[in-house]
Amino acid sequence: MAESTTSGEQLQNLKYSIHKYSTFSANFVPENILEDKPTDQSSRWSSDSNNPPQYLILKLEHPAVVKTITFGKYEKTHVCNVKKFRVYGGLSDDNMVLLLESGLKNDTVSETLVLKTYRVWSPISFTFCQDCSTSGMTFHFSLLFNEDIF
């Protein structure tokens with residue numbers, strides 16, 4: 001587990017599991033995002049549909065205050081890379097609030113995004129990643145390694 005310190009605050013990578021998902025395509029199962037393998041094109045979750053909403057719900061090992069989320073990327077640009085998405089969070093998988101509405105650049109650089117503050121950084125147990133569009137308009141949704149940091 002990697003750790004770093006920023007402004008005296010301890011940051012820590014959080015462990016999570018795949019809780020639920022909309023669909024997946026052939027060998028691109030949701031569990032593929034649990035490891036960071038940017039040189040392995042099959043190391044991704046890919047939906048079996050290009051119709052939104054497609055989603056993954058991740059369950060944190062322990063409730064935590066989550067302030068940022070990091071998305072890994074493949075070593076080359078890819079038409080399935082998520083262009084627009086939403087991230088929700090909450091203590092249960094049926095009661096979550098919007099924490100982020102953003103997009104990823106279609107490049108090879110991992111992106112860390114800051115989540116919205118709600119209820120003065122309340123702990124969450126679940127994150128819900130909902131894909132809205134891809135870099136290629138008619139392609140399935142795809143996510144690589146995902147890393148929550150608090």
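Mentor: Buried means under 20% relative accessible area, exposed over 50%, and partly exposed in between, with a 1.4 Å probe and protein chains only. This is a predicted model, in which local features need pLDDT of at least 70 and side-chain atom pairs count only at pLDDT 80 or more, while totals for chains, interfaces and linings use all residues. Residues are numbered from 1 along each chain as its sequence is written, and side-chain values use heavy atoms, with hydrogens and water left out.

With that scale, Glu111 counts as buried because its relative accessibility is 13%. Glu111 is found in strand S9; strands (E, at least two residues) and helices (H or I, at least four) are DSSP runs, numbered from the N terminus. A polar atom of the Glu111 side chain lies 2.7 Å from the backbone nitrogen of Lys105. Contact means heavy atoms within 4.5 Å. Leaving aside neighbours within four places in sequence, Glu111 is in contact with Gly103, Leu104 and Lys105, and also with Ile69, Thr70, Phe71 and Lys73.

Strand S9 covers residues 111–114 and pairs with S6 in the antiparallel sense over four bridges; two strands pair if DSSP finds at least two bridges between them.

Now to S6 itself. In a regular strand the side chains alternate between the two faces of the sheet. Both faces of S6 are covered: Ile69 and Phe71 are buried on one side, and Thr68 and Thr70 are buried on the other.

Ile69 and Phe71 are also among the residues that Val87 touches, not counting residues up to four places away in sequence. Others on that list include Val97, Leu115, Phe128 and Cys129. In the largest nonpolar core, which has 22 residues, Val87 and Phe85 touch the most other members. A nonpolar core is a set of buried Ala, Val, Leu, Ile, Met, Phe, Trp, Tyr and Cys residues joined through side-chain atoms within 4.5 Å. Two or more residues of this core come from each of S3 (16–21), S5 (54–64), S6 (68–71), S7 (82–92), S8 (95–102) and S10 (124–134). S5 gives the largest share, four residues.

For the setting as a whole, the protein has 12 strands and zero helices. Of its 150 residues, 43% count as buried. Among contacts with a separation of 6 or more, 71% are between residues 24 or more positions apart.

Methods. Polar contact = N/O pair within 3.5 Å; in protein donor to acceptor, adjacent residues only side chain to side chain.
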